[in-house]
Amino acid sequence: MGFGGISIWQLLIILVIVLLLFGTKRLKNIGSDLGGAVKGFKKSMSDEEKKPDEEPQKLEQADEKVIEGEAVKEQEKDKR
C-alpha cells in the first residue's frame, strides 16, 4: 500500500518515466531552483516577523531626533 492506493511499484514506474522525459541534469536544476525558492520564501517570512518588532524602535529614535532638532532650533532662536 502506498499513497492513496498507489503502490510502490507504480511510484517507481512513474519515477523512471519522469527521469526518461526530463533527464537527471534537468531534474537536478529544477530541484535546486525549487529549493532556492523555498529558502527565499522562508527568509522573507522570517524578515516579516522581525519587521514589526523593529518598527517601534525606529519610531522612538525618529521622535528623539525630532525633539532634539526642535531643542536645537529653540537654542538658536534664544541666541539671536
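Here is a short chat about how some labels for this predicted model are reached.

Colleague: What should I know before reading the values?
Modeller: In this predicted model, local features need pLDDT of at least 70 and side-chain atom pairs count only at pLDDT 80 or more, while totals for chains, interfaces and linings use all residues. Residues are numbered from 1 along each chain as its sequence is written, and side-chain values use heavy atoms, leaving out hydrogens and water.

Colleague: Why is Leu 12 called partly exposed?
Modeller: Buried means under 20% relative accessible area and exposed over 50%, with partly exposed in between (1.4 Å probe, protein chains only). Leu 12 has 40% relative accessibility, so the label is partly exposed.

Colleague: And how much of the chain is buried?
Modeller: Of its 80 residues, 0% count as buried.

Colleague: Where does Leu 12 lie?
Modeller: Leu 12 sits in helix α1, residues 8–22. Helices are DSSP runs (H or I, at least four residues), and strands are too (E, at least two), numbered from the N terminus. The chain has two helices and zero strands.

Colleague: What makes the span of α1 close to expected?
Modeller: The expected span is 1.5 Å times one less than the number of residues. With 15 residues, α1 reaches 21 Å from first C-alpha to last, close to the expected 21 Å.
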